[in-house]
Amino acid sequence: MGKSNRNGQAATLTPEQLDALAEALGPSTRAVFTISRYTADRVTEALSPRWENVTESEIVIPKNVTKEKTKTRCIPTNPRLWAELMDWKCHLGKV
């Protein structure tokens, strides 16, 4: 059961529900959602990567963007995330 009036536990979305949610989003929002989903980044971190910081094997989050601002983070890239980022890049006309 979900939360009601700030009581109870929040419901967890299933992978299928997350996929359906992603499909309903526009390209840019879907890319940010997918980055957050597969890297557990906060929104600020998910909005920060530059194309030179994204490779097929990892995404680099600079230390000035991370919560504690103490060190740069390197996050392995999930194949589904990589595909979404490449779709987004094509949508932007950067390929």
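Predicted model: local features only at pLDDT ≥ 70, side-chain atom pairs only at ≥ 80, totals over all residues.
**Helix α2 and its surroundings**

The buried residues of α2 pack against α1 (15-24), α3, β1 (58-61), β2 (73-76) and α4 (79-92).

Four helices and two strands make up its secondary structure, in the order α-α-α-β-β-α from the N terminus on. Along the principal axes, the C-alpha atoms of the chain fill a box of roughly 45 × 35 × 20 Å. The chain has 95 residues, of which 26% count as buried. Of the contacts between residues at least 6 apart in sequence, 35% join residues at least 24 apart.

Helix α2 covers residues 27-39, 13 residues in total. From its first C-alpha to its last it reaches 18 Å, close to the 18 Å expected at 1.5 Å a residue. Which residues of α2 are buried? They are Arg30, Ala31, Val32, Thr34, Ile35 and Thr39. An α-helix has 3.6 residues a turn, so residues three or four places apart point the same way. Within the buried set of α2, one may follow Ala31, Thr34 and Ile35 in turn.

Two packed helices are described by the angle between their axes and the distance between the axes. For α2 and α4 the angle is about 160° and the axes are 10 Å apart. Because angles over 145 degrees count as roughly antiparallel, α2 is roughly antiparallel to α4. The crossing of α2 past α4 is left-handed. By class, seven nonpolar, four polar and three charged residues form the contact of α2 with α4. On the α2 side the residues are Pro27, Ser28, Arg30, Ala31, Thr34, Ile35, Tyr38 and Thr39, and these meet Arg80, Leu81, Glu84, Leu85, Trp88 and His91 in α4. Arg30, Ala31, Thr34, Ile35 and Thr39 take part in this contact and are also buried.

Most residues other than glycine have a negative phi; Ala40 has its positive value although it is not a glycine. Ala40 lies in the loop between α2 and α3. With a relative accessibility of 65%, Ala40 counts as exposed, because the cut-off is 50%.

The C-alpha atom of Leu47 is separated by 9.6 Å from that of Val65, 18 residues apart from it along the chain.

Note on methods
Residues numbered from 1 in each chain as written. Heavy atoms only, no water. Expected span 1.5 Å × (residues − 1). Buried < 20%, exposed > 50% of the residue type's maximum accessible area, 1.4 Å probe, protein only. Contact = heavy atoms within 4.5 Å. Axes fitted to C-alpha atoms, helices over the stretch in contact; angles between N-to-C directions. Parallel < 35°, antiparallel > 145°, perpendicular 65-115°, else oblique. Left-handed = near helix turned anticlockwise from the far one by under 90°. Nonpolar A, V, L, I, M, F, W, Y, C, P; charged D, E, K, R; others polar.
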